[in-house]
Every structure is written in C-alpha cells, then in structure tokens.
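Opening the notebook on this one. I want to go through the sheet, then the charged pairs, then the helix packing.

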Amino acid sequence: MRHGKKVNHLGRKTAHRKSMLANMACSLIEHKRINTTVAKAKALKQFVEPMITKSKTDTTHNRRIVYARLRQKEAVAELFRDVATKVGDRPGGYTRIIKLGNRLGDNADMAMIELVDFNEIYNAGKGTKKKTTRRSRRGSTAKPAAAPAAETKATKEEE
C-alpha cells in the first residue's frame, strides 16, 4: 500500500531528483517551454508553481527561498523580472502540460511543459481584452423603452 506517499521518486535518489528538478525549472524559466517525459513534467509542475507564486511579491526573503531551490542566479533574476510581471494577475496555473506521444527509443510518454502566459499562439487575441460583467435581462426594459421614444419623435414630426 502507498498511503501518504505523494512524491514521485522518478527512479532517483533525493539529491539527484532535487538537482534534476532545479535544472529543469531553470531551463523552463529560460526557454519558456521544454520537452520531457510526462512523469517529469508533472513533478516539475509541482516544483515550479510555488516558486512562481513566490516571485509575484519581490522581497529579499522570497528571492532567497527561490534561490535555495533553483541554485542559479540568472534564472532567479529572470523569474522575478520577466515571468512575475507577466503572471502578476493570474491566481495560479502558471504551467501547461501538453502530451506529445511516445518517444521512439524507449516508447516513453513525452510531454511539453510551458509557461502559459508566454505562448503567443494561444494568447493571440486574449492579451488586450478586458473582462466585462454580464447583466441579467430580467430587470432590464431597454428595448421596450426605446420603441415608444421613437414613436413619440415620429408623431411630433407629423404635427
């Protein structure tokens, strides 16, 4: 039974797994999308999303926490400078995993993991649109009120 075992070990010891995830996270921050296996992409999503949330508030404490996990100064700087400004209003879900099929050599399930706000294809028309509130039609009498106003104008012109 696997009660309480939430971490996917990915066939590696703890130090190797943490280093691999840190390197993959730095590559994801630098290139905005990487190809990997589905299991590693899911593990990377759990690893990188809390750090992106931390980067939304730029404090020395948050920078040190993120640097302790990423271990690359350039990646931390880019995360707090570029990525944090782009995802500032998003409440979560900063990454997207797209399955690509199986790898030719060993038939492993492959996936592409990318930062959501940096994909120009999906966000082509969504960047400038502002959210509007939707109102109910129940209490609104705009159409019937407009018709009598037009009729009164026509009757005044006839007189």
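**Entry 1, the sheet.** I started with E2 and strand E3 (residues 109–115), which pair in the antiparallel sense over 7 bridges. For pairing I take the rule that DSSP must find at least two bridges between two strands.

Before going on, a note on what I am looking at. This is a predicted model, so I keep local features at pLDDT of at least 70 and side-chain atom pairs at pLDDT 80 or more, while totals for chains, interfaces and linings use all residues. Residues are numbered from 1 along each chain as its sequence is written, and side-chain values use heavy atoms, with hydrogens and water left out.

Which order do the strands take? The sheet is open, has 3 strands and runs E1-E3-E2, with antiparallel pairing. Strand E1 (33–37) and strand E2 (95–102) are at the edges with a single partner strand each, so one side of each has no neighbour in the sheet. From one strand to the next, the twist averages 25°. Helix H1 (residues 14–31) packs on the sheet and touches E1, E2 and E3, and its direction makes about 145° with that of E1. Contact here means heavy atoms within 4.5 Å. My axes are lines fitted to C-alpha atoms, for helices over the stretch in contact, and angles run from 0 to 180 degrees between N-to-C directions.

I searched the whole structure for salt bridges and got 7. The criterion is a side-chain nitrogen of Lys or Arg within 4 Å of a carboxyl oxygen of Asp or Glu.

Glu114 forms a salt bridge with Arg33, with 3.2 Å between the closest N and O atoms. Glu114 is in strand E3 and Arg33 in strand E1, so this pair ties together parts 81 residues apart in sequence. Glu114 also forms a salt bridge with Arg96, where the closest N and O atoms are 2.8 Å apart. Arg96 sits in strand E2, so that pair ties together parts 18 residues apart in sequence. I noted Arg33, Arg96 and Glu114 as a linked network of salt bridges.

Is Glu114 buried or exposed? Glu114 is buried, at 0% relative accessible area. Arg33 is partly exposed at 36%, and so is Arg96 at 21%. My cut-offs are under 20% relative accessible area for buried, over 50% for exposed, and partly exposed in between (1.4 Å probe, protein chains only).

I also logged a salt bridge between the side chains of Asp58 and Arg63, at 2.9 Å from N to O. Asp58 is partly exposed at 48%, as is Arg63 at 31%.

I looked up Phe47, which is in helix H2 (residues 38–55). Phe47 counts as buried at 6% relative accessibility. Leaving out residues up to four places away in sequence, Phe47 touches Leu21, Ala22, Ala25, Arg69 and Leu70.

How do H2 and H3 cross? The axes of H2 and helix H3 (residues 60–70) come within 9 Å and cross at roughly 160°. That makes H2 roughly antiparallel to H3 (the label applies over 145 degrees; under 35 is roughly parallel, 65 to 115 roughly perpendicular and the rest oblique). From H2, the contact is made by Phe47, Met51 and Lys54, and from H3 by Asn62, Ile65, Val66, Arg69 and Leu70.

Technical notes: Helix = DSSP H or I, 4+ residues; strand = E, 2+ residues; numbered from the N terminus.
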